[in-house]
Amino acid sequence: MILVTGATGTLGSPLVRRLREAGADVHGLSRRDRDPEPGMTWHKGDLYTGEGVDAACAGAETIVHCASDPFHAKRDLPAARRLVEAARGQGAPHLIYISIVGVDKIPYSYYRTKYAVERLIEDSGLPYSILRTTQFHTLPDMVFNVLTKVPGVAAVPKALRDQPIDVGEVAERLAQLALAAGPARRVDDMGGPEVLTAEDMLRDYLEVRGLRRPVRVPLPLPGKAGRGFREGHHLAPDHAVGKRTWRQYLEETHGRR
Ligand SMILES: NC(=O)c1ccc[n+]([C@@H]2O[C@H](COP(=O)([O-])OP(=O)(O)OC[C@H]3O[C@@H](n4cnc5c(N)ncnc54)[C@H](OP(=O)(O)O)[C@@H]3O)[C@@H](O)[C@H]2O)c1
C-alpha cells in the first residue's frame, strides 16, 4: 500500500495516476472530503493539526510526502514531524520526500523549512529516499499569469535564471522510487532540459499566449536569498535530465489548437 500526501496537488495528481496505472494499492491524503473513486482510497486528514494522520498511515508500506503549504511554510516542519511519528507507529515504511534544488544553499524561508524537513527525515530512523528537483513549469506559468493580469510593463528580476521541469517527469521518477524494492537515500537531483533567463521565459510566455507587453528587467534580487538565486544555486545544469522544454510546455498548455 502506498500513501501519497498532497495527492490532490500539482505533483500528487500525476503521481497518483502513474501509481494506479502500475497497479499499486494507492491511498491519498487530503484535508477535504473526496468522492469515492474506483481503485483509489481517500483519507481525510490534516498533517498540521494531526487529524486523521494515524488512520491514513495504517498499513502503509511506502509514503510519498508531497504535501506542502507554501503560504504557511512554517507549518511544513511540524506537519512532517507528525507524519514521521505516524509512520513510525506503522513500523518502518519507506518515506519518500520531494524537495527542491538549492534548499541547503539559499536562505529563503520556504527553502529553509524544506531543508529542515529533509534533515528530519534523514534522522528519523525510517528508510527514506529524497529527490530534489528544479521548479516545475507550472510555477513560472502561474507567476507570469499574475504578472500579466494588469496592463502595462511586465517586469522580471535582472539576472534571474530558471531550469523548469515537467511535473509529469518528476511524478514518473517518484513513482519509480515508490515502486522500487527499497530506499535510496538522497538520489541524484533532477533538472529541466535547459537553463533560461526569466526574461526569455517571459518573452516566450507572451508570444505563445498572444499577449503584447513591453518587458523590463529592472528588478534587483535583494538580500542573501536573492544572492543565492542570482548565483544559480537553485539550478542543476549537471543534471539536466528533463525532456520537455518550456516552449513545448507553453505551446501544449496555452497554444492555439
Ligand atoms: N512547484 C514547484 O516548482 C516544486 C519544485 C520542486 C519541488 N516541489 C515540491 O513538491 C511538492 C508538491 O508541490 P505542488 O506544487 O504539487 O503543491 P500544491 O499543488 O500546492 O499541492 C499541495 C498539496 O499539499 C496538500 N496539503 C497542504 N497542506 C496540508 C496539510 N496541512 N495536511 C495535508 N495535506 C496538505 C494539499 O492537499 P489538500 O488541499 O487536498 O488538503 C495539496 O494536495 C511540495 O513539497 C513542493 O515543495 C515543488
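At what angle do helix H1 (residues 12-21) and helix H6 (residues 167-179) pack? The angle is about 50°, and their axes are 8 Å apart. This is a predicted model, in which local features need pLDDT of at least 70 and side-chain atom pairs count only at pLDDT 80 or more, while totals for chains, interfaces and linings use all residues. Residues are numbered from 1 along each chain as its sequence is written.

**Overall build**
- The protein has nine helices and eleven strands; helices (H or I, at least four residues) and strands (E, at least two) are DSSP runs, numbered from the N terminus.
- Along the principal axes, the C-alpha atoms fill a box of roughly 55 × 45 × 35 Å.

**Around the ligand**
- The ligand is surrounded by 26 residues, and the closest are Gly-6, Gly-9, Ser-30, Arg-31 and Ser-68; a residue is near a molecule if its C-beta atom, placed from the backbone, lies within 6 Å of it.
- Strand S2 (26-30) and strand S5 (94-100) are the elements that give two or more residues to this shell.
- By class, the shell holds eleven nonpolar, ten polar and five charged residues; Ala, Val, Leu, Ile, Met, Phe, Trp, Tyr, Cys and Pro count as nonpolar, Asp, Glu, Lys and Arg as charged, and the others, Gly among them, as polar.

**H1 with H6**
- Two packed helices are described by the angle between their axes and the distance between the axes; axes are lines fitted to C-alpha atoms, for helices over the stretch in contact, and angles run from 0 to 180 degrees between N-to-C directions.
- H1 and H6 are therefore oblique to each other; angles under 35 degrees count as roughly parallel, over 145 as roughly antiparallel, 65 to 115 as roughly perpendicular and the rest as oblique.
- The crossing of H1 and H6 is right-handed, a term used if the near helix is turned clockwise from the far one by less than a right angle.
- Pro-14, Leu-15, Arg-18 and Leu-19 of H1 meet residues of H6 including Val-167, Ala-171 and Glu-172; contact requires C-beta atoms, placed from the backbone, within 7 Å.

**H3 with H4**
- The axes of helix H3 (residues 76-88) and helix H4 (residues 109-122) come within 9 Å and cross at roughly 20°, which makes H3 roughly parallel to H4.
- Here too you can look at the residues: Asp-76, Leu-77, Ala-80, Arg-81 and Val-84 of H3 make the contact with Thr-113, Ala-116, Val-117, Leu-120 and Ile-121 of H4.
- Seven nonpolar, one polar and two charged residues form this contact.

**H7 with H9**
- Helix H7 (residues 198-209) and helix H9 (residues 246-254) have axes that come within 10 Å and cross at roughly 25°, which makes H7 roughly parallel to H9.
- The contact of H7 with H9 has five nonpolar, one polar and four charged residues.

Key: Contact = placed C-beta atoms within 7 Å.
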